[in-house]
Amino acid sequence: MQSLIANRGATHTQSVKRDPAPSRWAYRIHRIWLTPVYRAMLRVGLPSFILLFAAGWYISNPTNRFAIVETVSEIRRSVETRPEFAVKLMAVEGASPVLDHAIRDIVAVEFPVSSFDLDLEALQAQISAFDVVQDVALRIRPGGVLEVAVTERTPVIIWRHASGIDMLDATGHRVASLKDRGSRPDLPLIVGPGAGAAVAEARGILEAAGPIAPRLRGLVRVGERRWDLVLEPDQRIMLPEIAPIAALEQVLALDEAQDVLARDLTHIDMRNPARPTLRMTQPAVEELRRIRSLDNGER
């Protein structure tokens, strides 16, 4: 009887088949694994987190940090001190001897020096501070040469003012100072407050005054708004504030026709070009009065 019951139980167990469908939790885990975000977190995020955690734990130790800094510094020094990065000398191009000497004085660098220790921008700013320097470019040439290429300002005019005598370039920028006017007799002279700010206009007037250049002494700025053209011997053309070159050309045309500038005149007032005014010298005025008195006596 018992054997019969056992056989029936075995037969029933064999007849029950196992359900192939996964469990609920297995299904959920499988769905999560198929999600790209979770897969990326497990494949990339988790290892990265472990690495960062380990690195943070290592760096949190002061001894380890000091060792890292020392290692990096040693590697950097070994690279910077290599012969191919050494700058052995400096070459200054395009500078006058005086400026060359001044640049070498201001660039306080002891050669040889590593190119990594040179602050080219700071050196460029120092050299650009010279008034005579219009442009400067620095570069390290092959062979360990620091090249300083300089473009100097060209003085075109001399400005005498209350503080001294300066040479100016075409833009009115100061180039250098002079001890006396005779140091540069080849440059024209302008005088007066505000004259340095009107160099372009002054040069136009001087160019227009070419026919009387041998007699020209200079230009005087009056009231920081207009010019007086000073000629030898002690003669002055007073130009207007507006269109001074046209007024000067009017005087030159009058001189060519009637030889006005060769007469006994001290001032030719062109401040009102429509009504030019002539001022005679004192001897000429007295002679004119004498002639007029003789004419009146004869009558």
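These legends describe close-up views of a predicted model of one protein chain.

**View 1. The chain as a whole has nine helices and 14 strands.**
The chain has 299 residues, and buried residues make up 28% of them. Among the contacts with a separation of 6 or more, 42% join residues 24 or more positions apart.

**View 2. The largest nonpolar core of the chain has 29 residues.**
In soluble globular proteins, nonpolar side chains tend to be buried together. Which residues have the most contacts inside this core? They are Ile190, Trp227, Leu229, Ile237 and Leu248. At least two residues of the core come from each of β6 (157–161), α7 (199–208), β11 (226–231), α8 (244–258) and β13 (265–269). Helix α7 gives the most, with five residues. Another core, of 24 residues, lies apart from this one, and Met90, Val113, Leu138 and Leu187 are among its members.

**View 3. Leu229 is one of the residues with the most contacts inside the largest core.**
Residues up to four places away in sequence are not counted here. Leu229 then touches Ile205, Ala209, Ile212, Leu216, Gly218 and Leu219, among others. The list also includes Gln235, Arg236, Ile237 and Leu248.

**View 4. Helices α7 and α8 pack with their axes 10 Å apart.**
Two packed helices are described by the angle between their axes and the distance between the axes. For α7 and α8 the angle is about 15°. Angles under 35 degrees count as roughly parallel, so α7 is roughly parallel to α8. From α7, the contact is made by Glu201, Gly204, Ile205 and Ala208. From α8, Pro244, Ile245, Leu248 and Leu252 take part. The crossing of α7 past α8 is right-handed.

**View 5. Ala200 is an exposed residue of helix α7.**
The relative accessibility of Ala200 is 58%. Exposed means over 50%, which is why Ala200 counts as exposed. Ala200 and Gly172 are 28 residues apart in sequence, and their C-alpha atoms are 7.7 Å apart in space.

**View 6. Helix α5 (residues 97–106) has buried residues on one side and exposed residues on the other.**
Which residues of α5 are buried? Leu99, Asp100 and Ile103 are. These three lie on the same side of α5 because they cover an arc of only 105° around the axis. An α-helix has 3.6 residues a turn, so residues three or four places apart point the same way. Pro97, Val98, His101 and Asp105, on the other side of α5, are exposed. The cover over the buried residues of α5 includes β2 (89–93), α6 (120–128), β4 (133–141) and β5 (145–152).

**View 7. Asp100 is a buried residue of helix α5.**
Its relative accessible area is 18%. Buried means under 20%, so Asp100 falls in that class. With neighbours within four places in sequence left aside, Asp100 is in contact with Val92 and Ala95.

**View 8. Ala149 lies in strand β5.**
Is Ala149 buried, exposed or partly exposed? Its relative accessibility is 27%, so Ala149 counts as partly exposed. Val136 is 13 residues from Ala149 along the chain, and the C-alpha atoms of the two are separated by 5.6 Å. Leaving aside neighbours within four places in sequence, Ala149 is in contact with Glu93, Asp135, Val136 and Ala137.

**View 9. The loop between β11 and β12 (235–238) contains Pro233 and Asp234.**
The peptide bond from Glu232 to Pro233 is cis, and its omega is near -10°. Asp234 is not a glycine, yet its phi is positive, at about 60°. Asp234 counts as exposed because its relative accessibility is 59%.

**View 10. Glu224 is found in the loop between β10 (216–222) and β11.**
What is the phi of Glu224? Phi is near 55°, a positive value in a residue other than glycine. With a relative accessibility of 52%, Glu224 counts as exposed.

Terms used
Residues numbered from 1 in each chain as written. Predicted model: local features only at pLDDT ≥ 70, side-chain atom pairs only at ≥ 80, totals over all residues. Heavy atoms only, no water. Core = buried A, V, L, I, M, F, W, Y, C linked by side-chain atoms within 4.5 Å. Buried < 20%, exposed > 50% of the residue type's maximum accessible area, 1.4 Å probe, protein only. Helix = DSSP H or I, 4+ residues; strand = E, 2+ residues; numbered from the N terminus. Contact = heavy atoms within 4.5 Å. Arc of directions from axis to C-beta. Axes fitted to C-alpha atoms, helices over the stretch in contact; angles between N-to-C directions. Parallel < 35°, antiparallel > 145°, perpendicular 65-115°, else oblique. Left-handed = near helix turned anticlockwise from the far one by under 90°.
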